[in-house]
Amino acid sequence: MNAKFKYIFLSYNNEGLMSLDDVKKIFKEFGKYDLIETSYQRFKADKTENRNHKADKTVEYLHILEKEQF
């Protein structure tokens, strides 16, 4: 990775396409990795009977990468 930066922050929740483990694995290849998790009430714009997502809570992950060399 040739980009000149010291940190990358990625906010991603448990309803995303990539798994938590996949994101961790990719980030750890490039430097020091940390993770902060926050659970919150899921926003419900659709009618309850027609919902695709049945969960009432969502977990938001803040992935933090400190690049080893920049």
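Tyr-7 first. Tyr-7 is partly exposed, with a relative accessible area of 42%. On terms: buried means under 20% relative accessible area, exposed over 50%, and partly exposed in between, with a 1.4 Å probe and protein chains only.

A word on the source. This is a predicted model, where local features need pLDDT of at least 70, side-chain atom pairs count only at pLDDT 80 or more, and totals for chains, interfaces and linings use all residues. Residues are numbered from 1 along each chain as its sequence is written, and side-chain values use heavy atoms, with hydrogens and water left out.

Back to the rings. How many aromatic pairs does a search of the whole structure find? It finds 2. The criterion: rings of Phe, Tyr and Trp (its six-membered ring) pair if their centres lie within 6.5 Å; planes under 30 degrees apart count as stacked, over 60 as edge-to-face, and the rest as tilted. Tyr-7 pairs with Phe-9: the centres are 6.1 Å apart and the planes at 20°, so this pair is stacked. Phe-9 counts as exposed, at 54% relative accessibility. Then there is Phe-27 with Tyr-33. Their centres are 6.1 Å apart and their planes at 80°, so that pair is edge-to-face. Phe-27 is buried, at 10% relative accessible area. Tyr-33 counts as buried too, at 16%.

Lys-67 lies over the face of Phe-5, at 4.6 Å from the ring centre. The cut-offs here: NZ of Lys or CZ of Arg within 6 Å of the ring centre and within 35 degrees of the ring normal.

Now the fold. The chain has 1 helix and 3 strands. From the N terminus on, the elements run β-α-β-β. These are DSSP runs, numbered from the N terminus: helices are H or I with at least four residues, strands E with at least two.

What is the order of the strands in the sheet? The order is S1-S3-S2, in an open sheet of 3 strands with antiparallel pairing. Pairing requires that DSSP finds at least two bridges between two strands. S1 and S2 stand at the edges with a single partner strand each, so one side of each has no neighbour in the sheet. The twist averages 15° from one strand to the next.

S2 and S3 run antiparallel, joined by 11 bridges. Within that pairing, Glu-37 stands opposite Tyr-61 in S3. Helix H1, residues 20-28, packs on the sheet and touches S1, S2 and S3. The direction of H1 makes about 155° with that of S2. For angles, axes are lines fitted to C-alpha atoms, for helices over the stretch in contact, and values run from 0 to 180 degrees between N-to-C directions.

Next, a residue in S3: Thr-58. Buried or exposed? Thr-58 is buried, with a relative accessible area of 2%. Leaving aside neighbours within four places in sequence, Thr-58 is in contact with Asn-13, Asn-14, Glu-15, Thr-38, Ser-39, Tyr-40 and Arg-42. Contact means heavy atoms within 4.5 Å.

Now to strand S2, residues 31-41, and Lys-32 within it. Lys-32 counts as exposed, at 58% relative accessibility. Not counting residues up to four places away in sequence, Lys-32 touches Ile-64, Leu-65 and Glu-66. Lys-32 and Glu-68 are 36 residues apart in sequence, yet 7.0 Å apart in space, C-alpha to C-alpha.

Glu-68 comes up again with Phe-30. Phe-30 sits in the loop between H1 and S2 and is partly exposed, at 27%. Phe-30 and Glu-68 are 38 residues apart in sequence and 6.6 Å apart in space, C-alpha to C-alpha.

Which residue forms a salt bridge with Glu-66? Lys-6 does, with the closest N and O atoms 4.0 Å apart. The pair links distant parts of the chain, 60 residues apart: Glu-66 is in strand S3 (residues 57-67), and Lys-6 is in the segment before strand S1 (7-13). The structure holds 1 salt bridge, defined as a side-chain nitrogen of Lys or Arg within 4 Å of a carboxyl oxygen of Asp or Glu. Glu-66 is partly exposed at 26%. Lys-6 is partly exposed at 35%.

Last, the totals. Buried residues make up 20% of the 70 residues in the chain. Among contacts with a separation of 6 or more, 68% come from residues 24 or more positions apart.
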